[in-house]
Amino acid sequence: MKWKYFKEGFSEGKELFSNKISIIINFLLLTIVYFTGVFLTSIFAKISKKKFLDLMPQKEASTYWEDLNLDKKEEKYYFKQF
Amino acid sequence: MYILGISCFYHDSAAALIKDGVLVSAAQEERFTRKKHDTSFPINAINYCLQKEGITSNDLDHVGFYEKPFLKFERILHQHIETFPKSYKVFISNMPSWFNEKLRIIKIIKKKLKYKGNVRFIEHHMAHSASSFLPSPFKKAAILSVDGVGEWTTTAYGIGENNSIKLFKEIKFPSSIGLLYSAITAYLGFSVNNSEYKVMGLSPYGNMDKNKNEYYKKLMSIIDLKDDGSYRFDMSYFTYHYKNRMPSKKLCALLNGDIRRKESEITQRHQDIAAAVQLVTEEIMTKMLKHVHKVTKCDNLVLAGGVALNSVYNGKILKNTGFKKIWIQPDPGDGGTCIGAAMYIYNVILNNQRNFVLDNAYLGPEYTDSQIKNFLDENKIKYEEFNSDKKIVQKSAKLIYDNNVIGLFQKGMEWGPRALGARSILSNPCNPKMQEILNLKVKHREKFRPFAPVICVEDANKYFECDSSIPEPTDFMLMVYPIKEKYHKLIPAVTHVDGSGRLQTIRRNQNQLYYDLIKEFGKLSKIPILINTSFNIRGEPIVCTPFDAYKCMMGTGIDYLVMGRYIIKRADNSQDFWDSEKYAKD
């Protein structure tokens, strides 16, 4: 019985430990990605004056409706996630 | 042919199953896991759908998902690039779920369902539009889909005809009426993607006069609204594109104060702000709908997206926009898109003619009398058995008339966020203290929130100032109408502060016992109206199983539970005997 409890406790502890480790690794990797990939793209975008989001109204615009033209497409289109 | 639709990983995960174009089952995952607005993969809802038809995943011909995850991910990346470095915290907290779940949806579906076929991905607003148009009674209708955000789109309109849908125009993130409403919901101290309806309920306490409500003018000053209903926000007042906290400091300054703390006092200023956001929403929606009506030249309208849950505005649409008929499905929010994904595959992609109209919401789990009896006997619960519906109706009506609060558990669980007589708490609307009693005994909810009335459809025009032909969405409690003034004092418990009521109309072919119960109560009280509120306590999902219903009754002050053909009296059963902890894993 004691061996069974030890095994259960050990496996729970192992899972908890691996979860904590994955949180730390995720944090480190994502921080690197953010301050390299996102930072560099953001810098290039700012230099080239590329806007990814429309953050301010354009008073001179007559409408904010944009063309969508979403209609039935070829079958293979629906198997894609994009 | 079986097609499964799935929506998950944002909020309100759900699944729906259609058989040869007919919707046979649909349910939200939260009802099974008992976790409100559960976002997880809806394995329980899917299992229910499959089990109801007696099939396995091998029998599924197609599976549809409610959005295109990579497009959504693209938008998320664009947000981070645009707002670098302010988005760092959100990037760190949200990215793991993208890599572990959202971008691996095909693997997850195949693994969890042991499904070997392909998965089809339908754009978010197309899934919304399909979920509202394809099961509607209209051959042709204008479609307007408005929610927080899908992949990029926050608002889209188009037209549906027979089994085709075309969406012409869109408004893109970050400008979004849904997110504006959510930002103000957060500002007022309520939870986002959950409590927007509380803001709607609070709004009549504020100043609904556009000329006198200063916050309406302030909110309009940060929105550029064009005559065609298109709009764009000044995003310096919002933070939702880079933070989990929605209102910015600038918005707080604009609204003369900081974010309200949860459970703190609601002041007149808060009420005026709630009124202001409701007025802004109504103004944008009205302009937009007038434009859609003009462009589509169609008198029928289907509304989709979370904003279509704004029942206060829905009740004003036909009077103000030129549309003559309206239809909204019982769950127009994200949960409802699983129906759209499945029906879009059947009707549009596979080019099958439409053969289904969604005329009732009882699509969830249903329990037979023998299953209920087994549950009661196994748990030694005392009950009274009735051998006919007529007798149970008479007894229940008398109990309600005597000011008892009853839980009604009949038929299949409702699809959508509203309880519609299958998992409802019913009580007497003529008792001026009933709102207080319900709050004290069961619901423990904010005092400003009204309770809803239910009435048989043919009686509705007598008591309410409805549209001349009562629209079907009223059956799903999606329209608010004024109560005729002479009845305000007769049904005080369901009359909101502005004299309105979020009524549910019921037709006998939808739910015979429920309909007869309202009529029977009408014979006793001379008022054929009941209070209908959802069978749950604050913070929990609506009950699903007999276990949930009994547990809810024993844990609250509900006096009787009318379950199948059995009536259970709370006072007859010892609360000590029902150890909810012991049964928690059932």
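Tutor: At 13% relative accessibility, Asp559(B) counts as buried. Buried means under 20% relative accessible area, exposed means over 50%, and partly exposed is in between (1.4 Å probe, protein chains only). This is a predicted model: local features need pLDDT of at least 70, side-chain atom pairs count only at pLDDT 80 or more, and totals for chains, interfaces and linings use all residues. Residues are numbered from 1 along each chain as its sequence is written, chains are lettered from A and ligands numbered from 1 in the order in which they are written, and side-chain values use heavy atoms, with hydrogens and water left out.

The partner of Asp559(B) is Lys441(B), in a salt bridge whose closest N and O atoms are 3.1 Å apart. The pair ties together distant parts of the chain, 118 residues apart. Lys441(B) sits in helix H17 (residues 434-443) of chain B. Asp559(B) is in the loop between helix H20 (546-555) and strand S21 (560-563) of chain B. Lys441(B) is partly exposed, at 28% relative accessible area. Shared partners also join Lys198(B), Glu446(B) and Arg449(B) into one network of salt bridges. The rule asks for a side-chain nitrogen of Lys or Arg within 4 Å of a carboxyl oxygen of Asp or Glu. Helices (H or I, at least four residues) and strands (E, at least two) are DSSP runs, numbered from the N terminus.

Now Lys72(B) and Glu67(B). Their side chains meet in a salt bridge at 3.2 Å, N to O. Lys72(B) is buried, at 6% relative accessible area. Glu67(B) is buried too, at 5%.

Over all chains, the count comes to 30 salt bridges. Glu82(B) and Lys51(A) form one at 3.3 Å, N to O. Glu82(B) lies in helix H3 (residues 69-83) of chain B and Lys51(A) in the loop between helix H1 (2-47) and strand S1 (66-70) of chain A, so this pair joins two chains. Glu82(B) is buried, at 13% relative accessible area. Lys51(A) is exposed, at 58%.

The interface of chain B and chain A holds five salt bridges by this rule. Asp54(A) and Arg232(B) pair at 3.4 Å, N to O. By class, the side of chain B that touches chain A has 35 nonpolar, eleven polar and 15 charged residues. Ala, Val, Leu, Ile, Met, Phe, Trp, Tyr, Cys and Pro count as nonpolar, Asp, Glu, Lys and Arg as charged, and the others, Gly among them, as polar.

In contact terms (heavy atoms within 4.5 Å), 61 residues of chain B touch 41 residues of chain A. About 4800 Å² is buried between the two chains, and carbon and sulfur atoms give 62% of that area. Glu82(B), Phe84(B) and Arg232(B) supply 18% of what chain B buries against chain A, more than any other three residues. Buried area is the accessible area (1.4 Å probe) that two parts lose on being put together, summed over both.
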